[in-house]
Structure formats: C-alpha cells, structure tokens
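Subject: Structure handover

Hello,

Here is the structure you asked about. Please open it first, then read my notes below.

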Amino acid sequence: MIGSEGRPRRVLVAGGAGFIGGHLCARLLAAGHTVLCVDNLSTGRRRNLDVLTETERFDFAEADIVDGLVVSGPFDAIVNLASPASPPDYLRAPIETLRTGSAGTLALLELARAKGARLVHASTSEVYGDPLVHPQTEDYWGNVNPIGPRAVYDESKRFGEAACAAFVREYGTNCGIVRIFNTYGPGMRSDDGRLVPNMIMQALAGEPLTIHGSGEQTRSLCYVEDTVDALVRMIERDHRGPVNVGNPVELSVRRVAALVKELIGSASSLEFVPAMVDDPRQRRPVIDLAARELGWTPRTELREGLRRTIAFFAGEREALRS
Ligand code: NAD
C-alpha cells in the first residue's frame, strides 16, 4: 500500500493536463506529493496546470505515452488517464485512440514494472457498452459493438483492462483498474462535446439544448472532486479492481436539461436530433465495491455540482468576451 505511512510520494500522472488529470495533479500536490505530469496535449490544456507550476514539486513533460517514456528516478505510482475521452474527440482521432489505449497502456505498464510502481488505470463505464444488465456491477462483461464507431474507445479501454490483468498475472505488477462513469465539473472544455458542457453552454447562450434521441436515455453524473477522491484512494490501496467509480443517482437526459435550465434561469427550448450510434440507453453504477474497498461514496449533490460548473463556464464566456 502506498501512502500508508503518510510520507510524500512521487506520482506520474499520464494525461494530467486533461479535465480529470488537472484536478488530480492539484489534489496530489495539496497532499504533499511530488507530481510529474506527462501529456501530449491532444485534448488537454496547459492552462489546466497553470496554477500548479508554481510549486517545485510539480513538473510537466510534453510527451506521447505511445512513444514510451524515459523518466529518471523512482516512482511510487503511475496513473494512466491518457486517452481522448469525449465522443467527438475520439471519433475525430480513432486510430490515435486505439494506439493510446493499447500501445500507450502497454508502455506505461512496462514503466510501472521497471519502477516497481503501482499503476492505476482509468477505464470507463463504456466497457459495459449498451448494458443488458442494469444497474452495472463490476462482474458484468458488457455489450459492446466491436466494429461500431465508438468501439475505438470502448475496445481500447477493454484492451487496457486486459493488459493490466495480464501484467498482474505474468509479472505480479501492482495494478488497479477503476471504471469511471460520467464525470463533470469545472475544467472541462466548453467545446468537448459531452452532455454537461454542451447543455450549459447552450443554455448560457440562450440557444436550444440539443438532445440526442428521445432524451429518455439515462446517465449518472459524478462531480469531478468525488471522482478524484476515488482515484486518490485507489492509488493508496492495493486493490486490483475493477472498481466502479460513479454517482448512482440516475436521471434522464431530459431531466439534466431541465435542471440546467432551472439553475441558469434559461428559457431555452429543446432540440431533438437523431440518437448517436450505439449510444447507451441506461447507465448506473453499483458502487458497493468502492464503498467497501475504498471507503468511497460520492458526496457532491448534483445541483451543487452543476452550480459550480455553471459558474465556471459563465466565467469562461466572460473571459472570451473581454
Ligand atoms: P481529457 O481528454 O480531458 O484528458 C485526457 C488527457 O490525456 C488529455 O490531457 C490528453 O491530452 C491526454 N492524452 C491523450 N492521449 C495521450 C497520449 N497518447 N499521450 C499522452 N497524453 C495523452 O479527458 P478526461 O475526461 O480528463 O478523462 C481522463 C481519463 O478518464 C481518460 O482516460 C478517460 O477515458 C477516463 N474517463 C473519463 C470519464 C469522464 O466522464 N470524464 C469517464 C470515464 C473514463
């Protein structure tokens, strides 16, 4: 178990300039750890790290995990967040997504093995595909179309899990897999194409809110600080997972739209467009394992999380205008 004696650790965060990564780096630094963030900035942004560069315990290297990383010194943990994560991002870069999830993950596993470090791998609820079992427990194997457009993401994440499991079996590498469900919060890109930023930006602009399909499909939305809390706990424990990390409060896309409109005080209409190919109809994690093994449950109520996220995007719009 790393961190059990409370001493500072060296942690490499791959994909640390992204949405979740920026929050994770900040949290690790605040806890006194030393952080090396490695990111190719394909979907991440340097500005997610701006405030962190003030501390000597933080370093950034612009690099692609697919190329293999040469890093000096010991590391206690490596967190693999590197991957395009929003559908428009991975649909724009399908081969890069596959390469990052496969060759990139293998390269980080080799690094973890060489350094004797724990590797925490960020997998996703997308490994369940369009689930035939509801809600989703970790022992469900999923329902993924392997040749659909979304497969580049889903299957690369499934490959990543298989690679972690193989390194555990073959070399005894200390790996832990977390299956992250929809996470939202400040620091997302306004144009990243995911549900929450899309709706907030549209409502702030007084434009119609786009709904794919009927809007009756459900999502479970977890506030980013809660997701990061689970990641930190996973770094500190030895559990192999996979462990679901998400908020079990399930609500329809229509309900999310109504909440966003209410909190912004927007009169925007709803614009219905065709459903996305292989879009999951239902999503809700069972988080008993996370509660038992990590002592984790999400704490942030959706309204509060949305309020903070709306304030963030309102600030972004102001900054763009000035
Ligand atoms: P993000 O796109 O904001 O962050 C991903 C980061 O990885 C970016 O900074 C990007 O530049 C970097 N990256 C991509 N390919 C790379 C490569 N080959 N080498 C180095 N860096 C690379 O996405 P996010 O929402 O912060 O997601 C982080 C991780 O969590 C991803 O692995 C994603 O699959 C997983 N996840 C996120 C969610 C969510 O709702 N946000 C849900 C499930 C899983």
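At what angle do the axes of helix α5 and helix α9 cross? The axes of α5 (residues 195–204) and α9 (residues 302–321) cross at roughly 60° and come within 10 Å. That makes α5 oblique to α9.

Before going on, two notes on the model. It is predicted: local features need pLDDT of at least 70, side-chain atom pairs count only at pLDDT 80 or more, and totals for chains, interfaces and linings use all residues. Residues are numbered from 1 along each chain as its sequence is written.

Some terms next. Helices (H or I, at least four residues) and strands (E, at least two) are DSSP runs, numbered from the N terminus. Axes are lines fitted to C-alpha atoms, for helices over the stretch in contact, and angles run from 0 to 180 degrees between N-to-C directions. Angles under 35 degrees count as roughly parallel, over 145 as roughly antiparallel, 65 to 115 as roughly perpendicular, and the rest as oblique.

Helix pairs

Back to α5 and α9. Val196, Pro197, Ile200, Met201 and Leu204 of α5 meet Thr309, Ile310, Phe313, Ala314 and Arg317 of α9. Here, contact means C-beta atoms, placed from the backbone, within 7 Å. The contact residues divide into 8 nonpolar, 1 polar and 1 charged. Ala, Val, Leu, Ile, Met, Phe, Trp, Tyr, Cys and Pro count as nonpolar, Asp, Glu, Lys and Arg as charged, and the others, Gly among them, as polar.

Next, α1 and α6. Their axes come within 10 Å and cross at roughly 60°. That makes α1 oblique to α6. The crossing is right-handed. Ile20, His23, Leu24 and Arg27 of α1 make the contact with Val224, Glu225, Thr227, Val228, Leu231 and Val232 of α6. By class, this contact has 6 nonpolar, 2 polar and 2 charged residues.

Then α3 (residues 94–115) and α4 (residues 151–171). They pack at about 15°, with axes 9 Å apart. That makes α3 roughly parallel to α4. The crossing is right-handed. The contact includes Leu98, Gly101 and Leu109 of α3, and Phe159, Gly160 and Ala163 of α4. Its residues divide into 11 nonpolar, 7 polar and 2 charged.

The ligand

Which residues come nearest to the ligand? Of the 29 around it, they are Gly15, Gly18, Thr43, Gly44 and Ala85. A residue counts as near if its C-beta atom, placed from the backbone, lies within 6 Å. Elements giving two or more residues to this shell are α1 (19–30), α3 and β5 (118–124). The largest share, 3 residues, comes from α1. The shell has 13 nonpolar, 13 polar and 3 charged residues.

Backbone exceptions

Most residues other than glycine have a negative phi, and most peptide bonds are trans. Leucine 41 has a positive phi of about 60° although it is not a glycine. Leucine 41 sits in the loop between β2 (34–39) and β3 (58–62). The bond from histidine 134 to proline 135 is cis, with omega near -10°. Proline 135 lies in the loop between β5 and α4. The bond from glycine 241 to proline 242 is also cis, with omega near 0°. Proline 242 is in the loop between α6 (224–236) and β11 (243–245).

Best wishes

Terms used
Left-handed = near helix turned anticlockwise from the far one by under 90°. Contact = placed C-beta atoms within 7 Å.
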